Amino acid sequence: MGKIRVAVAGAKGRMGREAVKMILDDEALAFVRGIDRTENGVDVGEAIGIGTIGVTFSNAIEDVLLKDKPDVLIDLTHPDAGKRHTRLALEYGVRPVVGTTGWTPQEIADVDKLSRDRHIGAVIAPNFAIGAVLMMKFAQTAAKYMPHVEIIEMHHDQKLDAPSGTAMKTAELIAQNRRELKQGHPNEVEQLEGARGGYYDGLRVHSVRLPGLVAHQQVLFGGPGQTLTLRHDSLDRQSFMPGVNLAVKKVMQLGHLVYGLEHLLDD
Ligand code: NAP
């Protein structure tokens, strides 16, 4: 079998440059183009400080999809751009593997429909870190026995969407395993707007944004006389790359959208 040809949108970003290095380190993958909104014709390796690699940037995604014909487009950009790139990739017959967050359930359903209509795979994963996926699974199990729960997610201060895709996905999984529950005192009053966090099916989600953080989440469960805390920390963006690598390989076999890395892992 030939190499899987991969283009990366957002290749100059913090996640994108890790994705480029991951592709270059894997003999089963071939890096064909970096996509950026400004850079055009510049060597990607030079731009990201790893030396000349002989693969250039393009600022025209449709040209890349049409002329370079990658098998897979990895998107690690910005919520608006990521949605546009994902749709365009599927329209041009290129499988999107998307780490860009900020998707609504309707937008995810629309990608799945387009993917099925075109008979090609797509992956959107709010968190490509295996430890985070395990945290979500454990949280879903715990919610069955300890239904009082709150989520605190903490990210670097350049993140645009809140709450994080991981927190939303964790809340969805928890909601599948418990009935909607009004938590806290029935007459509680917020003295400061937003103090109790965002509301999702009875549970609260709190978003912290600070320089110095990467991506962290705690899921706190409380019951009479006990608490349980699940915590995951991504300390470096390398933590996401084994998951991105797995998705690039698995998406080649799919004919629909897979939303969430957990669905690509063998039990
Ligand atoms: P970042 O460092 O800001 O990088 C984003 C990159 O995308 C930049 O190079 C930016 O270029 C580029 N970009 C923005 N709009 C673009 C467009 N229209 N066309 C082409 N490129 C465009 O951010 P990051 O930390 O790498 O994160 C990127 C995305 O991944 C975010 O959505 C983040 O939430 C998500 N993320 C996902 C995971 C996961 O596991 N799923 C983990 C971490 C982060 P400029 O410099 O010109 O703006």
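## Helix packing

A crossing of two helices is called left-handed if the near helix is turned anticlockwise from the far one by less than a right angle, and right-handed if it is turned clockwise. In this predicted model, helix 4 passes helix 5 in a left-handed crossing, while helix 3 passes helix 4 in a right-handed one. Two packed helices are described by the angle between their axes and the distance between the axes.

For helix 4 and helix 5, the latter spanning residues 105-118, the angle is about 15 degrees and the axes lie 9 Å apart. That makes helix 4 roughly parallel to helix 5, since angles under 35 degrees count as roughly parallel. On the helix 4 side the contact is made by Lys 83, Thr 86, Arg 87, Leu 90 and Glu 91, which meet Glu 107, Val 111, Leu 114, Ser 115 and Arg 118 of helix 5. By class, the residues of this contact comprise three nonpolar, two polar and five charged.

Helix 3 (residues 61-68) packs against helix 4 (residues 79-91) at an angle of about 25 degrees, with 10 Å between the axes, and helix 3 and helix 4 are therefore roughly parallel to each other. From helix 3, the residues Ile 61, Glu 62 and Leu 65 meet Arg 84, His 85, Leu 88 and Ala 89 in helix 4. Four nonpolar residues, one polar residue and two charged residues make up the contact of helix 3 with helix 4.

## The largest pocket

The largest pocket holds about 1000 Å³ of space. Its lining consists of 39 residues, and those nearest the centre of the pocket are Met 15, Leu 76, Thr 77, His 78 and Thr 100. Two or more lining residues come from each of helix 1 (14-24), helix 4 and helix 7 (165-176), and helix 4 gives the largest share, with four residues. Divided by class, the lining of the largest pocket has 13 nonpolar, 18 polar and eight charged residues.

## The second largest pocket

The second largest pocket has a volume of about 260 Å³. It is lined by 19 residues, of which Trp 103, Thr 104, Gly 165, Met 168 and Tyr 259 are the closest to its centre. At least two residues of this lining are supplied by each of helix 5 and helix 7, and helix 7 gives the most, with three residues. The lining of the second largest pocket divides into eleven nonpolar, six polar and two charged residues.

Rolling a probe the size of a water molecule over the atoms shows where empty space is left. When the whole structure is searched, one cavity of 30 Å³ or more is found, and about 50 Å³ of space lies in the largest cavity.

The residues that line the largest cavity are Asn 127, Ala 132, Met 135, His 155, Thr 166, Ala 215, His 216, Gln 217, His 232 and Ser 234. Helix 6 (130-145), strand 10 (215-223) and strand 11 (226-234) each contribute at least two residues to this lining, and strand 10 gives the most, with three residues. By class, the lining of the largest cavity has seven polar and three nonpolar residues, with no charged residues.

Notes. Residues numbered from 1 in each chain as written. Predicted model: local features only at pLDDT ≥ 70, side-chain atom pairs only at ≥ 80, totals over all residues. Heavy atoms only, no water. 1 Å grid on protein atoms, 1.4 Å probe; cavity = no way out; pocket = protein on both sides within 12 Å on 5 of 7 lines; lining within 4 Å. Points joined across faces, edges and corners; volume = space filled by probe spheres on them. Nonpolar A, V, L, I, M, F, W, Y, C, P; charged D, E, K, R; others polar. Axes fitted to C-alpha atoms, helices over the stretch in contact; angles between N-to-C directions. Parallel < 35°, antiparallel > 145°, perpendicular 65-115°, else oblique. Contact = heavy atoms within 4.5 Å.
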